[in-house]
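Please consult the structure shown below while reading.

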Protein chains: 2
Amino acid sequence: MSKALIRRFNTFYSSFLQQLESIMPLIPSDKLRLFSERLLVAAGAPAEDAKHVADSLVMGNLTGHDSHGINMLPAYIKRIKIGVIKPGAKVELARDAPAYAMINGNWNFGQIVATYVMEVAIKKASSSGLALVCAFNCNHAGRLGEYCLTAANSGLIAMMMVNSPPSVVPWGGAQRRLGTNPICIAIPRKGEKPILLDMATSIVANGKVSLKVGTGERIPEGWILDPNGKPSTKPEDFDRGGAMLPFGTYKGYGLGLMVDILCGAFTGSGGCNRIPKDGINGVFALVMKPDLFVSGDEFLSSVDEIARHVLNTPLQKGFSEILLPGQPEERAMEKRSREGIFVHDVLLTKLKNAAAEYGVTPP
Amino acid sequence: MSKALIRRFNTFYSSFLQQLESIMPLIPSDKLRLFSERLLVAAGAPAEDAKHVADSLVMGNLTGHDSHGINMLPAYIKRIKIGVIKPGAKVELARDAPAYAMINGNWNFGQIVATYVMEVAIKKASSSGLALVCAFNCNHAGRLGEYCLTAANSGLIAMMMVNSPPSVVPWGGAQRRLGTNPICIAIPRKGEKPILLDMATSIVANGKVSLKVGTGERIPEGWILDPNGKPSTKPEDFDRGGAMLPFGTYKGYGLGLMVDILCGAFTGSGGCNRIPKDGINGVFALVMKPDLFVSGDEFLSSVDEIARHVLNTPLQKGFSEILLPGQPEERAMEKRSREGIFVHDVLLTKLKNAAAEYGVTPP
């Protein structure tokens, strides 16, 4: 078969699989939440923490970020087994000053650590005007949007970044060096959901590739390189030691490198040169009161005017609307809360296996 | 002529013009600096400030950012004439707290204001650990790298952003809304130049397009839209009311929007909805001591290891090396300091006209 023909077939097959999703049974989010919670408890997590992590993961799915959802459960279970995640470990303040603090996560779940980071940052920012709170010894914290939203829902501006294990090439490189190193910024609004930018500095999040492994689907050109550093559309090539590309070419690489330095070197968590274990995050969070320089009302009105001005832009051909960061997630949440969450057979099998191992009713 | 033929001709012509540059006379940076200084003094700037602004602009050219160089002189002169730039205006602290401050630039040159912003931020960060310093009533501040480098050369970490007048579409939009809204981050190193990321959130800086106007050169596809929102490669289409695209598609748009909110709404400078005059910047600068959470030595070693690990990545086909952010600028500076700076005839004519008007010896 010619290469062009293979490519056409792959495109057709991918779109066929995507269409299939729409007629496949969807699982209600409550059911997935309860299952995740029980599985985590069975794997050794304290009840309250299991509920917290389950909520976080299912919220990843609800907001459309299946890469940060229940797909992480098998990895978390494995990490608990080998002692990388230490359920119940005490999360503690390691350094404390009026406008900054350092949290030692002691290898508890990343979600528990990151929630505490944001709690401390909100408290400090409320009294000092702004606060920088970082964390080390922190496992995979999941979707940063969750924590920044907490701040924005309290009327504060939040910026958060984490570095993560190598999966992305530096611009021009053929091998993994940097993590997907996401940047998240949340802006409070009056009577509207916060504006929420939550983006990997890689072309997509790791999970967006990993979730396709074994499904027969192809990924778009320009996402990954194979283990030899050549462009590939096979998601399996990423797991075999390939690498992802940064978003926005050399600028995305530059941002990703800065996230590694700020979250790795600055926090003492370790940069890409020495991230010791799978799935760890160095955490950097900055929270600011929006009324440091103008009144809170003036800030909120100004944000509103900016938002409206941007949303009212005439459209480019081929686009049907302009969205604010965070709106795609809100829409996914509305739809998935109502309709349920699609779980691919490949993942469902893994979850059922874990359920069987721990004697938990499968989803 | 067929479209393909026109395109081929344009490509050839652009490359011909670029080759021409290499055999055209280069002007020594000192000569340009002295000329800029004299012109600014003749236009009404105090001697010390004229020297400061001239140094900044020529440093833009030296580092390879001709978009932030002496090409700005005609605009600055015009802005002085119409009262947008107010040379000699008092730059003052409008709000002051241990970890943050607000500067009222009173419409002095942006370079004078931004230098003061960084001065205050460095002082405050040195005593409080970190400092957020913003500015309003600030004209075009030029190359942010200059100010962040000052902090990094004092051993501090700096992050700086400015919002700027509309020239970039939101993702999916056909008209200008956001500015080029750059983000700059500088990281100090031991015995090496700081790592310096200094990037517009647009696909390129404004000046990179404007500098091509009238030269007959084309710009790459994917940079701009014409006034009807259609892709164009004619730099003139941008000046006629076209718009630039964000870098990295929707992610670059998201970052650009956040810069507008942080530098416009948060500082009270005004966001894209109400930037009142040409060439103004809302300024946001965060400076941190690198030893808040680990020792200064540990931080510097860690940055070194990250840098080396990234630079040692095997190369992708088609690349000859991997660079750290800031290295292209260092190389340009080394070369241009030695060889001089290329000034296109179109710009040279403008500078000569200004020189004649103010009775200054042309460069």
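How many residues of chain A are in contact with chain B, and how many of chain B with chain A?

## The interface

In this predicted model, 65 residues of chain A are in contact with 63 residues of chain B. On the side of chain A that touches chain B, at least two residues come from each of strand E2 (100–104), strand E3 (130–136), strand E5 (183–187), strand E6 (195–199), helix H9 (249–265) and helix H10 (296–311) of chain A. The most is given by H9(A), which supplies ten residues to that side. Sorted by class, the side of chain A that touches chain B holds 38 nonpolar, 18 polar and nine charged residues.

## Symmetry

Chain A is superposed on chain B by a rotation of 180 degrees with 0.0 Å of shift along its axis, at an RMSD of 0.0 Å, and that is the relation of a two-fold axis. In chain A, the C-alpha nearest the axis belongs to Gly248(A), 1.9 Å from it. Of the interface residues of chain A, 97% are also interface residues in chain B, so the copies meet through the same surface.

## The nonpolar core

The largest nonpolar core has 238 residues, of which Val117(A), Cys148(A), Ala285(A), Val287(A), Val117(B), Cys148(B) and Val287(B) touch the most other members. In chain B, this core draws at least three residues from each of domain 1 (19–87 + 313–363) and domain 2 (89–202 + 246–291).

Leaving aside neighbours within four places in sequence, Val117(A) is in contact with Ile103(A), Val133(A), Ala135(A), Val283(A) and Ala285(A).

Key
Residues numbered from 1 in each chain as written. Chains lettered and ligands numbered in written order. Predicted model: local features only at pLDDT ≥ 70, side-chain atom pairs only at ≥ 80, totals over all residues. Contact = placed C-beta atoms within 7 Å. Helix = DSSP H or I, 4+ residues; strand = E, 2+ residues; numbered from the N terminus. Nonpolar A, V, L, I, M, F, W, Y, C, P; charged D, E, K, R; others polar. Least-squares fit on C-alpha atoms with pLDDT ≥ 70 in both. Core = buried A, V, L, I, M, F, W, Y, C linked by C-beta atoms within 7 Å. Buried ≥ 20, exposed ≤ 12 C-beta atoms within 10 Å, placed from the backbone. Domains from an automatic or database assignment.
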